[in-house]
Amino acid sequence: MKESNPSLIRPSDKSFFPYIFTAFFVLAFVDSWRRADIDPVVFFEKKGQEALWKFLTGMFPPDVSWNFISLMLRPALETIQISLWGTLIAVAIGFPLGLLGTHTLAVRGILNDAELQGAPVRRGMRYGLYFLARGLLSLFRSIPEFVWALMFVRAVGLGPFPGVLAIGVAYGGMLGKVYSEIFEAVNYRPLEALQSVGANKLQIFFYGWFPQALPNFVSYTLYRWECAVRASAILGLVGAGGLGQQIEISMRMFNFNEVLTILIILFMMVAAVDYISAKIRAML
Amino acid sequence: MSTPPTRNSCETIPAPRGRVREGPTVKNLLVLAGVLMFLVWSYYGAEIHLSQLLSRNSLGQIVIYIKKLFPPDFSPAVLQEALKGTIETFAISFMGTLMAVVIALSIVFFASKNLIYSGLLYELEPRQGWKRAARRVPYLAAKSVLNILRTIPEMVWALIFVFLVGLGPFPGVLALGVHTGGVLGKLFGEVLEDVDAQPIESLQSTGASRLQILCYGILPQVLPQFISYSLYRWEVNIRVAAVLGLVGAGGLGQRIHIAISLFLENQLLTLILAIYILVTAVDYLSAYLRRKVM
């Protein structure tokens, strides 16, 4: 941040930007306030306060009867299972697409410069693949996992499986993008050294490229797994298994003490997964 | 090191700590077997049917579904509805993020150790004392509030707020604001806890009060990062706002839910395209603003 302080007084900042920005901001604020039906008074009216009171008193004490908890055990495990396979499928989608979408691996850089010199057709084909992979990744990650889940519920039916596929596709897009960034950031010295001793492309990749990328690679994948646990816990809201379905049922039946129990289970699960993934990351 | 001290111990080569490669040990194999069993258990638990999915029959079904999506429905009525949903989604994410910033800023100063009870600002106070203990109370309270806000997912908050204030975009704003408030509170707290101590010290040495130190020594340091994190969360929120409608909280999600439930695949594709454009536009806008700030 210390470096950025001098830049605050660079001449280009004496532009109209602050004024334009402020005008835009105020406009967006006023329009959004109206459009989003914002009405804070609700909480001070009788109706809102009654609902709030009903909700808060309904939550306590949480339902900790064995009957209910044993019923929640299976969805809770299911949530973990969905997140695990969702992440695996995401890796299976993100890794190859991420490789193809890495500029220095697919089109330029020391692996390809010699080969593609003076071969415009091949270069064009490579660029085609590269842009295809990038486009697919961006498509996968721009559609939210909930929309994927809805579509997969249509395609393969209710249950945890559409949840797995939804997480796999949406997170595949995110992983692929980050993987390609990791691959792009490797140090090129070892690669050149390998090339100069006559290693072929695969050897360069496995002995020079991959080992450098691996720690970041694993660490980011674990981070995504943590996110996947949270996501799969609520994908059930659209019928894709896990705890979400139970939350919605309890909410709709106004059994707020059950909601609290499920939230506590969710909290413990997320904490456990965060702990495990932190342990694995510490081993790297 | 447990090696006995020799005359010139610098010459002894320290034993490598772990990390010696000598082929898989029994422990490695057991861990591997455990992981594999875990995966298989998950495979059946999550009712995954990859072979079935990749069979000709269901692949054919997916192809049919994709074909049904095309062409997207660009009739004026649908376009108008998509535009309305897009603007509403933008409004929800915008107001939600603003609310989150307000919540985070009103809590975070109590939730960072170096501002509330320890570190440079308080080093002149006696170490043990009721005052110091009393300062911990707001700290712990603020931390746990942030934790609760953060742990409950946006969608669950949305369900709760739909119950509290009724259907529409307003519960979406509240859900985003409350959850993101928790997340931003944590991120802001981390920024506050590793501010550069030197400006603070020099301010202190000129006799500035704590409030002055906060305003002139700490806030200028953290503000760019605060803004940058807020913009980042806005990018996340625009994606969430697009689906909050699935639980009745307005925006594009509501229209998507309707389109899917009524088998209006062509309209669905239009709405998905709208999400894509909105998300990409907000990403660029936020990246541009972030470059301006940092």
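How many of the 294 residues of chain B count as buried, as a percentage? The answer is 37%, with buried meaning that 20 or more other C-beta atoms, placed from the backbone, lie within 10 Å of the residue's own.

This is a predicted model, where local features need pLDDT of at least 70, side-chain atom pairs count only at pLDDT 80 or more, and totals for chains, interfaces and linings use all residues. Residues are numbered from 1 along each chain as its sequence is written, while chains are lettered from A and ligands numbered from 1 in the order in which they are written.

**View 1. Chain B is built from twelve helices and zero strands.** Helices here are DSSP runs of H or I with at least four residues, strands are E runs with at least two, and numbering starts from the N terminus. Among contacts in chain B with a separation of 6 or more, 73% link residues 24 or more positions apart; a contact puts two C-beta atoms, placed from the backbone, within 7 Å.

**View 2. The largest nonpolar core has 133 residues.** A149(A), A166(A), A158(B) and L244(B) have the most contacts inside it.

**View 3. Chains A and B meet through 47 residues from chain A and 49 from chain B.** Elements giving two or more residues to chain A's side include α2 (17-35) and α9 (160-184).

Conventions
Buried ≥ 20, exposed ≤ 12 C-beta atoms within 10 Å, placed from the backbone. Core = buried A, V, L, I, M, F, W, Y, C linked by C-beta atoms within 7 Å.
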